[in-house]
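Trainee: I am new to this structure and would like a close look at one part of it, taken slowly.

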Amino acid sequence: MDNKIISIENLKFQYPNQDNVILNDISFDIFKGEWIALIGHNGSGKSTLARLIDGLLKPLSGEIIVDNINLNYDTLWDVRAKIAMVFQNPDNQFVGADVMSDIAFGLENRGIPREEMIVRVNEALKLVNMEKFAEHDPSHLSGGQKQRVAIASAIALEPEIIILDEATSMLDPEGRIELINLINKLRKEKNFTVISITHDIDEATLADRVLVLNDGEIITQGSPAEVFYNINEMNTLGLDIPYPQKIANELKKRGYKVPNKYLTRSELIDWLCQLN
């Protein structure tokens, strides 16, 4: 992953008539095909950052460069054509009377010819396993099905980048895992970049890289293993740690010689199976 898809340079943001700075001179890069998880407590600036990248908000200062395009008033729609967002509540995104027309809505707005639109809609429905629901009213679907439709709408746009803004927070644990696995599968097949804003630490462990925001600044970043092994830093920031790491820490307290590294769920299970 040596090709930058997003570069953030000295970005600063403050809402009008508010004293506190939401983002304070942050800089980082995201690479094509990468999965980035943005974590931090409420008010840390995660969702604000996503909206800045999509041009929904204007920074106070700094630069946002998306696929070699410097985001500004003149390039706004060029940048947005490369990005699709999936929000926390899919009901807020539905505009069509049925699933198929809802997925087609974004394509119509971009002037996609009807013949190509039909192909894209059908392909997107197939990718998220929702072909049987093409003529269903989106409001009558389950939470997981609604999010699948929202993802299909994003996939049909053929974006370079998909931003998940707390997109799994309304799902049960099983639905959350199913959705994340689906996104990861599609990312590899379609080679798009994922930015995931989440409070779910276990979800963040599946990312390629984790960025931790606190009070508008990037406190730390790195692989999930690098970020979540530092339990003291996570506790200081008021953030949770992944469940396997909790188990590993409890075992250490009980005198077990747990490997001195971050353990994923499967690695922890493998290690436990080797105990006598």
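Trainee: At roughly what angle do the axes of helix 3 (residues 99-109) and helix 4 (residues 114-127) cross?

Mentor: This is a predicted model, in which local features need pLDDT of at least 70 and side-chain atom pairs count only at pLDDT 80 or more, while totals for chains, interfaces and linings use all residues. Residues are numbered from 1 along each chain as its sequence is written, and side-chain values use heavy atoms, with hydrogens and water left out. The axes of helix 3 and helix 4 come within 10 Å and cross at roughly 125°, where helices are DSSP runs of H or I with at least four residues, numbered from the N terminus, and axes are lines fitted to C-alpha atoms over the stretch in contact, with angles from 0 to 180 degrees between N-to-C directions. Helix 3 and helix 4 are therefore oblique to each other, a term for angles that are not under 35 degrees (roughly parallel), over 145 (roughly antiparallel) or 65 to 115 (roughly perpendicular). On the side of helix 3, the contact (heavy atoms within 4.5 Å) is made by Val-99, Met-100, Ile-103, Ala-104, Leu-107 and Glu-108, and helix 4 contributes Met-117, Arg-120, Val-121, Asn-122 and Leu-125. Helix 3 also meets helix 5 (residues 143-156), and their axes come within 8 Å and cross at roughly 35°.

Methods. Helices (H or I, at least four residues) and strands (E, at least two) are DSSP runs, numbered from the N terminus.
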